[in-house]
Amino acid sequence: MNAPIHRIFGRPLDAEMPKGYDQAIFGMGCYWGVERLFWQQEGVWLTEVGFAGGTAENPSYKQVCAGGTGHAEVVRVVYDSSRVSYERLLQIFWENHDPTQGNRQGNDVGSQYRSLIMVFNDSQKAAAELSKADYGNRLAVQGYPDITTQIIPAGPFWRAEDDHQQYLDRYPNGYCGLRGTGVKAPLTDTAEGY
């Protein structure tokens with residue numbers, strides 16, 4: 001079965017990642033708005049929604065929503081790190097959801113909506129941990145509780161059903177639960193051009 005074609009980028013979702021590109025996986029609640037947020041970023045080559053961080057193989061959306069798989073709704077982002085840094089992606093991650101809510105985002109309640117960063121190497125892990133500590137301090141100053149975001153090694157990513165891919169391009173007025181705290185995250189990368 002052929003992978004669907006990305007509605008924005010016009011390439012198959014299973015396209016081989018170009019040499020020198022990197023990938024990231026973020027869970028920020030309902031994945032529809034999260035995917036749109038990342039496909040709009042300069043330097044992002046591909047996005048896809050799916051499930052990660054649980055125990056079931058190749059789960060369906062319905063199974064994940066039932067709560068028994070342990071998976072989070074996530075977005076896989078393939079990006080050109082010469083055009084957008086991982087640190088910039090982390091800044092977008094922190095500023096566009098509330099990472100202090102545990103197993104929920106606003107009215108979306110359940111472990112599938114938890115805040116999650118999956119890291120692919122030591123560099124991503126160090127950057128994610130540093131940004132988490134910094135953003136946690138910024139939130140604390142504003143009276144927020146501790147960050148509940150999990151930072152874990154990348155495990156299997158299971159692509160969600162085709163009708164969930166680029167959902168908010170297909171249905172521009174569809175549900176988007178993204179809500180940030182209003183607290184700005186610093187861009188810790190000192191490289192120019194980001």
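# Around helix α1

Guide: The buried residues of helix α1 are covered by elements including β1 (22-28), β2 (44-52), α2 (61-66), β3 (72-79), α3 (86-95) and α5 (167-170). Contact here means heavy atoms within 4.5 Å. Helices (H or I, at least four residues) and strands (E, at least two) are DSSP runs, numbered from the N terminus. This is a predicted model, where local features need pLDDT of at least 70 and side-chain atom pairs count only at pLDDT 80 or more, while totals for chains, interfaces and linings use all residues. Residues are numbered from 1 along each chain as its sequence is written, and side-chain values use heavy atoms, leaving out hydrogens and water.

Visitor: Why is helix α1 called largely enclosed?

Guide: Buried means under 20% relative accessible area, exposed means over 50%, and partly exposed lies in between (1.4 Å probe, protein chains only). Eight of the nine residues of α1 (residues 31-39) are buried, so the helix is largely enclosed by the rest of the structure. Those residues are Tyr31, Trp32, Gly33, Val34, Glu35, Leu37, Phe38 and Trp39.

Visitor: Is Tyr31 buried or exposed?

Guide: Tyr31 has a relative accessible area of 0%, so it is buried. Phe51 also counts as buried, because its value is 0%.

Visitor: And why is Tyr61 called partly exposed?

Guide: Its relative accessible area is 23%, so Tyr61 falls in the partly exposed class.

Visitor: What makes Tyr31 and Tyr61 a tilted pair?

Guide: Rings of Phe, Tyr and Trp (its six-membered ring) pair if their centres lie within 6.5 Å; planes under 30 degrees apart count as stacked, over 60 as edge-to-face and the rest as tilted. The centres of Tyr31 and Tyr61 are 6.3 Å apart and their planes stand at 35°, so this is a tilted pair. Tyr31 sits in helix α1 and Tyr61 in helix α2, so the pair ties together parts 30 residues apart in sequence.

Visitor: How many aromatic pairs are there by this rule?

Guide: The count comes to 10. Another tilted one is Tyr31 with Phe51, at 5.8 Å centre to centre and 40° between the planes.

Visitor: How do you know that β2 pairs with β3?

Guide: Two strands pair if DSSP finds at least two bridges between them. β2 and β3 have eight, in the antiparallel sense; Thr47, for one, has Val77 of β3 as its bridge partner.

Visitor: What joins β2 to strand β8?

Guide: Two bridges join β2 to β8 (residues 158-159), and the strands run antiparallel. Phe51 has Trp158 as its bridge partner in β8.
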